[in-house]
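Have the coordinates open as you read.

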Amino acid sequence: LGALLGAFLVLGVAQELLWAQKAAPTPPRPVPADLRQGQALYATHCAACHGADARGTDKGPTFLSKTYTPYLHADIAFQLAVERGVRAHHWRFGDMPKSQGVSREDVRAIVEYVRWLQREAGIY
C-alpha cells in the first residue's frame with residue numbers, strides 16, 4: 001500500500017511539473033481594465049515567489065496549474081494562505097509565510113487576476 005501511495009505521489013509531482021512546463025508564457029491578450037488592480041497587487045505581493053504572470057519561480061509554485069484551479073484550491077484557500085501562511089505540503093519550495101499588509105480586498109483582486117490568467121492558459 002505504501003508503494004502504491006508513493007507511486008501516486010510521484011505521478012502527481014510529475015503531472016505538476018508537466019503543467020508548469022506547459023503554462024502559457026504570457027497572456028494572449030491584454031489584461032482587462034477591471035483586473036489591472038489585481039495585476040498590480042499581484043506584481044507587488046506575489047510575483048517575487050510565484051513569478052510574473054503566475055508562472056512560478058524557484059521560490060514558489062506556478063498558479064497556472066490544475067492544482068490551483070478553483071476545483072482544488074477555492075478562493076478562500078488564497079485568503080487563508082495570505083492571512084495564516086501555509087506549511088509545505090505538495091511543493092518543494094518550503095513553507096509560505098503569512099503576508100503582511102495585504103487586505104482581504106487585495107487578495108480578492110489578486111485571485112480574480114490569477115483566475116483570469118488560469119482561464120487564458122486554458123487550464124479551467
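Q: Among contacts in the chain between residues at least 6 apart in sequence, what share join residues at least 24 apart?
A: In this predicted model, 59% of those contacts do. A contact here needs heavy atoms within 4.5 Å.

Q: What makes up the secondary structure of the chain?
A: There are 5 helices and 0 strands, so a run counts as a helix here when DSSP assigns H or I to at least four residues. Read from the N terminus, the order is α-α-α-α-α.

Q: Which residues of helix α2 are called buried, and why do they line one face?
A: Gly38, Leu41 and Tyr42 are the buried residues of α2, which spans 36-45; the label asks for under 20% relative accessible area. Viewed down the helix axis, they fall within an arc of 105°, so they line one face. The face turned away from that buried side carries Ala43 and Thr44, which are exposed. Cover for the buried residues includes α3 (47-50) and α5 (104-120).

Q: What makes Tyr42, Phe63 and Ile110 stand out in the largest nonpolar core?
A: Of its 23 residues, these three touch the most other members. Helices α2, α4 (75-84) and α5 each supply at least two residues of this core, and α5 gives the most, with 8.

Q: Which residues is phenylalanine 63 in contact with, leaving aside neighbours within four places in sequence?
A: Its partners are Tyr42, His50, Ala54, Tyr68, Phe78, Val114, Gln118 and Ile123.

Technical notes: Residues are numbered from 1 along each chain as its sequence is written. This is a predicted model: local features need pLDDT of at least 70, side-chain atom pairs count only at pLDDT 80 or more; totals for chains, interfaces and linings use all residues. Side-chain values use heavy atoms; hydrogens and water are left out. Buried means under 20% relative accessible area, exposed over 50%, partly exposed in between (1.4 Å probe, protein chains only). The arc is that of the directions from the helix axis to the C-beta atoms. A nonpolar core is a set of buried Ala, Val, Leu, Ile, Met, Phe, Trp, Tyr and Cys residues joined through side-chain atoms within 4.5 Å.
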